[in-house]
Structure formats: C-alpha cells, structure tokens
Protein chains: 2
Amino acid sequence: MKIGAFGPGCMGFGMATSLIRSGHEVYGADINPASVARLCGESGSPLAAMSALPELDAVMVVVLSGAQGEDVFFGEWGVVERLAAEVVVILCVTVAPAYARSVAKRCAARGIDFLDAPIFGRSVKAAQGKLSIMASGHPNAFRNTRSALDAMAETVFELGDDAGAGSAMKAVNLMLAGVHIAPMVEAFTFGMTQGIALETFMKVIPRCAGTSWMLENREPHIVECDYTPRSAVDIWPKDLGIVLDAARTSKFAAPVTAAALQQFLAASGMELGREEDAAVAKVCARNSGLKLPGTDET
Amino acid sequence: MKIGAFGPGCMGFGMATSLIRSGHEVYGADINPASVARLCGESGSPLAAMSALPELDAVMVVVLSGAQGEDVFFGEWGVVERLAAEVVVILCVTVAPAYARSVAKRCAARGIDFLDAPIFGRSVKAAQGKLSIMASGHPNAFRNTRSALDAMAETVFELGDDAGAGSAMKAVNLMLAGVHIAPMVEAFTFGMTQGIALETFMKVIPRCAGTSWMLENREPHIVECDYTPRSAVDIWPKDLGIVLDAARTSKFAAPVTAAALQQFLAASGMELGREEDAAVAKVCARNSGLKLPGTDET
C-alpha cells in the first residue's frame, strides 16, 4: 500500500517504520521538516515529492491534537478534498468521540472511508509494530487497511461500524489509567506516614486486591527515582480533559476522575509537567512532608 | 495448640475450622451463642467450658470492630488480664495502626505477645485456610503461632516487629481496593454514555493499561446483575473511614480516597448498603439515566 503519514513524530515515526518494514510505501508530511527527513533516512519518502495525493491508498494521521487533525483534514492542508474516493483515512489521534464522528461524516460526504483508530502504547512499542489500536469504522475500511493495521499493532480491537467507538473506548481506558495513578501515589505515601516503606509496599500490594496495571508499571520508577518521561505528567490534563469534556457534554458526573485530574494539575503547577507521570507522587510527598527515594525534597 | 477464637462468625468460623482441620483445639466465644454452637458442631468447644483461660496458647480475635476488640481485650471480657504470660494474642480485626500499637503496648505490660494480623479474603477463603494475613509483631509471636497462621492463610506477609505495620499495610491495600471500585464504575458507565456496551468494555479493558484487580473481580458481577453481597457497599464507608481517620491524624491529604468514599456513601444513601459493593455502579447509572444489565432502573 501507498500510505501518507501525517505527523511522523515520536509515535508516528515508529508506526511509519513498522509499515515500511512490512513492505508498504510511506510518504511523510509534518510541520517539522526534521521529522520528514528522519523518515526519509528509513526508506520513507516526503509526501511533497508525490505529484498528486490521489495516488495514496490510505492516509494515517498521528498529529498531537484534534485541532491539528482538523488542519490536516479540512483546514490548511485540506487533505480530504484532495484524496481519491475509496482512500481510507485512519485517525490515530486522541480526540472526543463526537469529533471522530464529525470527521467520519465529512469524509463520507466525499466517498472516503474513515477509521477511528486511536492507539495505545509508548514509542518503543510503535517502533516494534506492537501497539494496541482501538478501531471502529466501516468494514470496508478495516478490510482495505488490514495489512497496515497488522504491521503497526499487536492487538487491533475492532469496535464496530460506528466512528466514535474507537475514541470512546480510548477515552474509557485513559480515564481508568490516568485515575489509577492518583490512588497509587496517594496510597504509598499514606503508607509511608504509617511506617510502611515503599519497597515493602511494592513487595505486598502487587499480590493483593489493591493492585492495578498502572501501579505495577509506574511504581518501580518511583522506587528507582527515575522520572524520565515515558509518559509525562502534562499528558494527563490534556487527555483527562478530553474525557471530562466528553462527559460534560453527555451530562455525566465523573467525581473521581475530576479529583484525580486535580492531582495532575497540582504536579504541573509544581513544574513537574515534563517529568514521568508518576511524579504526581511528589505532590503527595510535599503535602505531607515525606521524602521520596532519591529525591532531596522533604 | 489450644486457641481461643473470639468472634467465630462469618470469617472467624472458617478460620476456626481451618485450625481444627490442622489439628488445633479451638475454643469459641461470641456474643451470639449460635456462632459458638455452630463451631461446636465442627469439633470446636465453647470457651465457657474451659475452667481457666491460662490453659490457652493463643487467642485469636476476629470481631467486627476495634471497639468490640477493646471489649474482648480490656473491657467486658477482660481477656488480657486473665491470660498467662507468653500467650500470643492475634488481632485479625481491621483497626487503625495506632490502635494496634496501643493494644500491643498494653499486652506487653502483662508479658503477653501480640500479633497485629489483619486478614484479607472472603469467607470462602477463610473456610479453605487460604486467607492472606498481613502480620507484624515480635519474632516470638510469629514463632509461637506459625502453625496456626499457616493453617489459616495461603500467604502470610511478615511486616516486621512493629505492631501497627500489619494494620497499616491493610489500610493501604483497603485504600487502593476501595478506591478502584469507584473509577471502575465511573469508567464503564461513562463508556455507556459514549456508546460502549458493558460487554465490550469487559472484553477490552482487562487487556489494557486501565485494568485493576478489583475491576476484573467485580465487573463480571455487574454484567451478570449479581449483587449478592460477597463484600457489601456498607463495608467501605467503615473501612475507608478507618483509612481516612488515620490519614487525618497524620495530617495526610487523601483527596482521591475522599472522593471515592462519597460514591459509597451515595450508594448507601440509595439503600444499597447491603448489596455487593459493585452496586455503587447504580449511583453512576442513576445520575446519568442509564440502565444497567438486568436492572429495571433507568
């Protein structure tokens, strides 16, 4: 397949190289020329070299936000009106379900298939072609992009015909994953006030009813004082913001998610926004005069 | 060993029969004579039949609250002052760490060893001798009760000499387990507002970063509309209350736990207190006009 890759940055670069490894031709476009140049170093091509977009079989969009996606689809880049009918547009950005439905509708008006296909996984998984993709869209869109999806993902959750279902499931998983960070750090710092060392916490809790995927994944970083941002604090105000905006639009009260968001905002306010998200532990530690492993703060 | 079992009710009965199966002699006492009679039907004896408490090697207390424990130890029952020195008192009740330390201190003044040994697991695990015990206390107390602990538990977490550490670890695990119920129900009902069926949620989320032990354990009950109270809603205001009281005493802010507690209180206020704790989902459903599987409510 000939695939246009919009936004071959951190995640998109690994996805594009996974496609190339599987024999696809990838044409990159980015507001940052360095991203395209890097892709060309890995046997990709610049989209600008292509005489006309209609040669593409699919367009994959991995930009940072719905607003950037809108620019690509219908704004500055105007990609959708330049595509041939039956090209599939794959939106991998975290957006509100309603926005995904809106893009699908506007694509359909031009005879273009749409996959609402947000991704899960870090950049290392993207480079390995081992992401999870939560996808929904017309069966034709799945059929015509199957080889590309399989090149990028270990697991493709197929969530039906409704554009919006992929983004909705992503929102639900984000809600849980983000929220679980907050009780994790609240519980182990509370434990410290009661004389439980973090190392003891980590020996016991993963074997008990209080464990979560996020706890087992993130807590070791705190033990090792490694706040390298595999996933940064500031991602959560953005992503939980998308979740809570969708909830508000649906008149859905989400008090626990709202409480968790406050902790990420506090961490961001402490200028920890670019640290690993587990750094929200520092909010709890500072509020209770505790010293975390390897930190100077009390 | 000759073991006095105070409170052979729901959990205590299974623990006592596990001890009997392992060859221990168990002497039961309870404010409810029926509990003692049931134990006698399983080869236990009434503590009242024993001429003097000093014949006991250990006393196990599995009553409902710290206040009931206080009655057993130092109040109405006055057990501690009637025990021989070197008998071990095992407190299996969920209490504040500070209370466990207070009991230990008063026992020590009488030469009596103390194990702060709260338990985890439901009554079926108690009957199988497969509980988890989070225990702390003097090494002598562990040594002298080893065969009894092993008869009752699959896993004994040994948390050091400090009475209070067992209760602290239990509080930490309770905090996480209780809190995780709240985002679980918040996330799947939010998903329903976005078009994600509960069955789809359950196919996807346990394989994703948003999963937790509680989610995988409790969510099937909601799918099956089975609110039989293996662990009831009303347990959480009590247990999270113990956690938040200890936190307040330590001037520890626990905003996410506090938010989760409100949801259990709302469920209790909806007269769901005696249902399975997953029934807190009905709070979210009612607040957003959703219908859960198998329920009539909208």
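Me: Leaving aside its neighbours within four places in sequence, which residues is B:Thr94 in contact with?

Reply: In this predicted model, B:Thr94 is in contact with B:Lys170, B:Leu174, B:Asp239 and B:Ile242, once neighbours within four places in sequence are left aside. B:Thr94 itself lies in the loop of chain B between strand E5 (88-91) and helix H5 (97-108).

Me: Why is B:Thr94 called buried?

Reply: The relative accessible area of B:Thr94 is 14%. Buried means under 20%, so B:Thr94, at 14%, is buried.

Me: What makes the pairing of B:Thr94 with B:Lys170 a polar contact?

Reply: The side chains of B:Thr94 and B:Lys170 make this contact at 3.0 Å. The cut-off for a pair of N or O atoms is within 3.5 Å, and the value of 3.0 Å therefore meets the distance condition.

Me: How do you know that the span of helix H11 of chain B is close to the expected one?

Reply: Helix H11 (residues 235-249) of chain B has 15 residues and reaches 21 Å from its first C-alpha to its last.

Me: Which residues of H11(B) are buried, and what do they pack against?

Reply: The buried residues of H11(B) are B:Trp236, B:Asp239, B:Leu240, B:Gly241, B:Ile242, B:Val243, B:Leu244, B:Ala246 and B:Ala247. Their partners are helix H8 (165-193) of chain A, together with H5, helix H8 (165-193), helix H10 (213-223) and helix H12 (255-269) of chain B. Just after H11(B), B:Lys251 takes a positive phi of about 50°.

Me: How many residues of the two chains are in contact, and what is the area buried between chain B and chain A?

Reply: 56 residues of chain B are in contact with 56 residues of chain A. The buried area is about 4700 Å², and carbon and sulfur atoms give 76% of this area. Between the chains, 10 residue pairs are in polar contact, both at pLDDT 80 or more, while the count of salt bridges is 0.

Me: Which elements of chain B give two or more residues to the side that touches chain A?

Reply: These elements are strand E9 (153-158), H8, helix H9 (198-204), H10, H11 and H12 of chain B. H8(B) provides the largest share, 20 residues. By class, this side of chain B has 36 nonpolar, 16 polar and 4 charged residues.

Me: Why are A:Glu86 and B:Glu86 called exposed?

Reply: The relative accessibility is 64% for A:Glu86 and 62% for B:Glu86. Exposed means over 50%, so both values place their residues in that class. A:Glu86 lies in the loop between helix H4 (79-82) and strand E5 (88-91) of chain A, and B:Glu86 in the loop between helix H4 (79-82) and E5 of chain B. Although not a glycine, A:Glu86 has a positive phi of about 75°; B:Glu86, not a glycine either, also has a positive phi of about 75°.

Me: Is A:Gly14 buried or exposed, and what makes it so?

Reply: A:Gly14 has a relative accessible area of 4%. This value is under 20%, and A:Gly14 is therefore buried. A:Gly14 is found in helix H1 (residues 10-21) of chain A. Leaving aside neighbours within four places in sequence, A:Gly14 is in contact with A:Ala126 and A:Ala127.

Note on methods
Residues are numbered from 1 along each chain as its sequence is written. Chains are lettered from A and ligands numbered from 1 in the order in which they are written. This is a predicted model: local features need pLDDT of at least 70, side-chain atom pairs count only at pLDDT 80 or more; totals for chains, interfaces and linings use all residues. Side-chain values use heavy atoms; hydrogens and water are left out. Helices (H or I, at least four residues) and strands (E, at least two) are DSSP runs, numbered from the N terminus. Buried means under 20% relative accessible area, exposed over 50%, partly exposed in between (1.4 Å probe, protein chains only). A polar contact is a pair of N or O atoms within 3.5 Å; within protein, one must be able to donate a hydrogen and the other to accept it, and residues adjacent in sequence count only if both atoms are side-chain atoms. Contact means heavy atoms within 4.5 Å. The expected span of a helix is 1.5 Å times one less than its number of residues. Buried area is the accessible area (1.4 Å probe) that two parts lose on being put together, summed over both. A salt bridge is a side-chain nitrogen of Lys or Arg within 4 Å of a carboxyl oxygen of Asp or Glu. Ala, Val, Leu, Ile, Met, Phe, Trp, Tyr, Cys and Pro count as nonpolar, Asp, Glu, Lys and Arg as charged, and the others, Gly among them, as polar.
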